[in-house]
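Here are my notes on the model you sent over.

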Number of protein chains: 2
Amino acid sequence: MSLTVVGSIALDTVETPWGRNEEGLGGAATFFSLAAANYTQVHLVGVVGEDFPVEHIALLREKGIDLAGLETAPGRTFRWSGRYHRDVNHRDTLDTQLNVFAAFHPKLPKEARTAKYLFLGNIHPALQLEVLEQAQASFVALDTMNLWIHTTRDDLAKVLSRVDCLIINDSEVRDLTGENNVIRGADAIRALGPRIVVIKKGEHGCLLFHEDGLFAVPAFPLRDVIDPTGAGDTFAGGFMGCIAQRDDMSPATLCQAVVHGSVTASFTCEAFGPNRLARIARPDIDGRFDAFRRLVEF
Amino acid sequence: MSLTVVGSIALDTVETPWGRNEEGLGGAATFFSLAAANYTQVHLVGVVGEDFPVEHIALLREKGIDLAGLETAPGRTFRWSGRYHRDVNHRDTLDTQLNVFAAFHPKLPKEARTAKYLFLGNIHPALQLEVLEQAQASFVALDTMNLWIHTTRDDLAKVLSRVDCLIINDSEVRDLTGENNVIRGADAIRALGPRIVVIKKGEHGCLLFHEDGLFAVPAFPLRDVIDPTGAGDTFAGGFMGCIAQRDDMSPATLCQAVVHGSVTASFTCEAFGPNRLARIARPDIDGRFDAFRRLVEF
């Protein structure tokens with residue numbers, strides 16, 4: 001079944017100890033779409049400015065992503081820049097320019113509206129609510145961030161009460177629930193609405209709280225982490241793509257979807273932006289899925 | 001086969017947001033022995049002062065631990081005190097009093113000397129070398145800490161060149177090798193001697209680098225972490241105990257030993273000191289081993 005994603009499309013400038021990537025393709029919805037397109041038909045809903053390079057459009061189209069919901073607005077594309085240190089688990093945001101994203105109100109074309117699966121990327125909860133008003137999806141997953149947890153708590157609570165699944169970082173669990181313990185944090189999140197909670201821990205892997213219990217995986221270990229920007233969004237794309245392709249929300253599929261998300265995200269870390277992600281295909285993911293199984297089997 | 005451990009026996013005072021444990025039984029060799037005794041005959045080599053409570057001796061004896069190598073020296077027992085915060089991954093050491101431990105030189109009785117398996121707990125590398133001179137073990141694992149990495153690097157290098165396995169925290173990998181990436185860090189450690197490297201990541205699980213590849217596990221998730229003191233030593237005890245019981249160092253056994261270490265360590269976290277660890281038996285561990293399998297299966 002097809003899958004709609006609403007979120008940011010950006011031009012990212014990233015500095016790491018290993019180099020610098022100037023105004024590369026970025027944005028949560030970009031990474032999500034490129035990952036999920038390995039599994040199913042993706043409808044991308046977002047906005048870019050008139051300066052958005054045509055080669056990025058060509059890449060998304062070449063990957064089979066439906067761009068009917070991609071708006072081009074007068075002005076400049078959303079820009080983000082950040083710096084990673086030797087410990088790639090920590091980054092500093094150097095600059096954020098919302099540009100055309102500041103006035104963005106998602107409008108879902110018919111195909112995006114009627115998709116059975118929907119991912120609400122990390123945008124203002126009021127916009128996420130606007131999407132929910134238009135969409136007819138029967139399975140909705142949500143991302144959010146500390147900014148919204150702290151500044152738009154009421155809107156976020158409304159969105160949370162209407163979604164099936166929250167995909168969130170461990171530090172955000174603490175901000176959202178006040179709980180340091182992830183199990184108690186997941187309980188608290190479920191009390192707010194989502195019956196499925198995925199807690200991402202970066203290089204430390206991921207926890208899935210599903211209706212029958214708990215599933216835990218390490219991250220796929222990498223010898224070279226070049227740029228982790230977008231890894232969490234890639235995870236969400238692989239996770240949701242796998243679920244949408246199988247059209248199944250059973251715990252068994254959810255667990256395998258977590259592994260698909262994890263291994264797909266590992267490719268993203270291996271180059272700047274989506275440079276590696278954009279060059280892989282499903283056999284690469286399946287190969288790493290098998291390697292992942294060998295990694296954790298005992 | 002039997003297993004010798006040389007290391008600290010202490011009286012620990014631990015403060016957490018949930019309470020305070022005054023001069024409780026502690027020390028790396030204590031946690032290690034209590035864990036490993038669920039698997040095999042343990043020979044404990046260490047020192048206590050004249051003030052060491054008889055009930056602690058009784059507990060160790062009741063668990064079947066051989067105390068022929070436990071010396072009682074004039075003076076006070078080694079004391080450590082620390083404080084944990086709401087995020088139990090971080091602690092402050094408030095006080096360390098070496099007391100009888102300051103003049104300790106391990107003397108291995110015959111049974112301890114001839115044991116096939118040996119664990120060198122986290123003590124001065126010069127003392128670890130003294131143990132190696134006496135021992136006839138054919139499989140030796142080592143623990144160390146940042147203090148020795150920074151202050152006794154030459155002695156530590158000598159010990160490392162003579163052991164089969166290093167069990168180490170992720171932060172210590174960085175201190176020892178200068179590598180932030182754990183895979184590169186493990187490569188660097190192997191170049192120093194140990195052919196097997198176990199990297200402990202606390203609540204984020206553990207990585208095992210064995211001769212055939214890499215094995216990764218999450219930690220067993222706990223709803224209530226009361227006091228993680230000794231969890232790493234408990235892990236080492238479960239890991240080495242499992243290997244010694246099976247008398248097998250194959251990758252398959254090493255992987256299962258990591259899981260045994262992980263689940264045994266999870267009990268330690270559930271109460272102050274070894275209060276929970278001391279009350280479990282092998283069926284409790286095996287039950288949690290099965291739960292662990294369900295946790296990670298996909």
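1. What is the strand order of the open sheet of 4 strands in chain A? Reading across, the order is 3-2-6-7, and the pairing is mixed. Strand 3 (19-26) and strand 7 (91-97) of chain A are the edge strands, each pairing on one side only. From one strand to the next, the twist averages 15°. Bear in mind for this point and the rest that we're looking at a predicted model.

2. Inside that sheet, have a look at strand 2 (residues 10-16) and strand 6 (residues 79-84) of chain A: they run parallel and are joined by 5 bridges. If you want a specific pair to click on, D12(A) has W80(A), in strand 6 of chain A, as its bridge partner.

3. On to the two chains. Chain A goes onto chain B with a turn of 180° and a shift of 0.0 Å along the axis, at an RMSD of 0.0 Å. So what we have here is the relation of a two-fold axis. Both copies use the same surface, and 100% of the contact residues of chain A recur in chain B.

4. As for the contact itself, 25 residues of chain A are in contact with 25 residues of chain B. On the chain A side, the elements giving two or more residues are helix 8 (182-191), strand 13 (213-217), helix 10 (251-269) and helix 11 (282-296). Strand 13 of chain A gives the most, with 4 residues. By type, the chain A side splits into 15 nonpolar, 5 polar and 5 charged residues.

5. Which residues touch the most other members of the largest nonpolar core? They are V258(A) and V258(B), in a core of 198 residues. Helix 10 of chain A gives the most to this core, with 9 residues. Take V258(B) and set aside its neighbours within four places in sequence: V258(B) is then in contact with V198(B), C206(B), L208(B), F215(B), V217(B) and F239(B).

6. A252(A) has 14 C-beta neighbours inside 10 Å, so it counts as partly exposed; a buried residue would need 20 or more.

Notes: Residues are numbered from 1 along each chain as its sequence is written. Chains are lettered from A and ligands numbered from 1 in the order in which they are written. This is a predicted model: local features need pLDDT of at least 70, side-chain atom pairs count only at pLDDT 80 or more; totals for chains, interfaces and linings use all residues. Two residues are in contact if their C-beta atoms, placed from the backbone, lie within 7 Å. Ala, Val, Leu, Ile, Met, Phe, Trp, Tyr, Cys and Pro count as nonpolar, Asp, Glu, Lys and Arg as charged, and the others, Gly among them, as polar. Copies are superposed by least squares on the C-alpha atoms of residues with pLDDT of at least 70 in both. A nonpolar core is a set of buried Ala, Val, Leu, Ile, Met, Phe, Trp, Tyr and Cys residues joined through C-beta atoms within 7 Å. A residue is buried if 20 or more other C-beta atoms lie within 10 Å of its own, exposed if 12 or fewer, and partly exposed in between; C-beta atoms are placed from the backbone. Two strands pair if DSSP finds at least two bridges between them. Axes are lines fitted to C-alpha atoms, for helices over the stretch in contact, and angles run from 0 to 180 degrees between N-to-C directions.
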